[in-house]
Amino acid sequence: MNILLNGADTALEGVRTVHDLVVRLGYEGKRIAVELNGDIVPRSQHAQAPLSEGDQVEIVVAVGGG
């Protein structure tokens, strides 16, 4: 499957849900926000949010500082 991830064409194998993608990218347990085709996907819905060919996904990682 091919998606647009943070503005870059990305080919994925074995990734079916937002949760799968988060795990694949190493973001599990981190403070992130996920947008799928323009809609925010709450963390509680990551495992139920399917990914499809051509989807546009934006993932933003929260960075602490001061």
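Predicted model: local features only at pLDDT ≥ 70, side-chain atom pairs only at ≥ 80, totals over all residues.
**Entry 1: P42 and its place**

I located P42 in the loop between β4 and β5. I then took a distance from P42 to I3, which is 39 residues away along the chain. The C-alpha atoms of P42 and I3 are separated by 19 Å.

**Entry 2: the fold as a whole**

I listed the secondary structure and found one helix and five strands. In sequence order the pattern reads β-β-α-β-β-β. The helix α1 covers 18-24.

I checked the radius of gyration next. The protein has 11 Å, which agrees with the value near 11 Å that a compact globule of 66 residues would have. Along the principal axes, the C-alpha atoms fill a box of roughly 40 × 25 × 20 Å.

For burial, I noted that 29% of the 66 residues count as buried. The accessible surface comes to about 4,400 Å². Carbon and sulfur atoms hold 48% of that surface.

Among contacts with a separation of 6 or more, 54% are between residues 24 or more positions apart.

**Entry 3: the core**

Which residues have the most contacts inside the largest nonpolar core? I wrote down V18, L21, V34, L51, V57 and I59, from a core of 15 residues. The elements giving two or more residues to this core are β1 (2-5), α1, β3 (32-36) and β5.

I59 was the next residue I opened. I59 lies in strand β5 and counts as buried, because its relative accessibility of 7% is under 20%. Leaving out residues up to four places away in sequence, I59 touches L5, N6, L21, L25, Y27, I32, A33 and V34. I32 is 27 residues from I59 along the chain, yet their C-alpha atoms are separated by 6.7 Å.

Where does H46 lie? I found H46 in the loop between β4 (39-41) and β5 (56-61). H46 is buried, with a relative accessible area of 6%. Beyond its neighbours within four places in sequence, H46 is in contact with T17, V18, H19, V22, I32, V34 and V41.

T17 was on that list, and I looked it up in turn. T17 sits in the loop between β2 and α1. At 14% relative accessibility T17 counts as buried. Its contacts, with neighbours within four places in sequence set aside, are H46, A47, A49, P50 and L51.

**Entry 4: L4**

I placed L4 in strand β1. L4 is partly exposed, with a relative accessible area of 27%. With residues up to four places away in sequence left out, L4 touches D9, D55, Q56 and V57. I also took the distance from L4 to G29, 25 residues apart along the chain. Their C-alpha atoms are separated by 23 Å.

**Entry 5: two asparagines with positive phi**

What is the phi of N6? Phi of N6 is near 50 degrees, a positive value in a residue other than glycine. I found N6 in the loop between β1 and β2 (8-11). N6 is partly exposed, at a relative accessible area of 39%. N6 is also one of the residues that I59 touches.

N37 lies in the loop between β3 and β4. Its relative accessible area is 43%, and N37 is partly exposed.

Technical notes:
Residues numbered from 1 in each chain as written. Heavy atoms only, no water. Helix = DSSP H or I, 4+ residues; strand = E, 2+ residues; numbered from the N terminus. Rg over C-alpha atoms; globule rule 2.2 N^0.38 Å. Buried < 20%, exposed > 50% of the residue type's maximum accessible area, 1.4 Å probe, protein only. Contact = heavy atoms within 4.5 Å. Areas by Shrake-Rupley, 256 points an atom, 1.4 Å probe, with all protein chains shown as cover. Core = buried A, V, L, I, M, F, W, Y, C linked by side-chain atoms within 4.5 Å.
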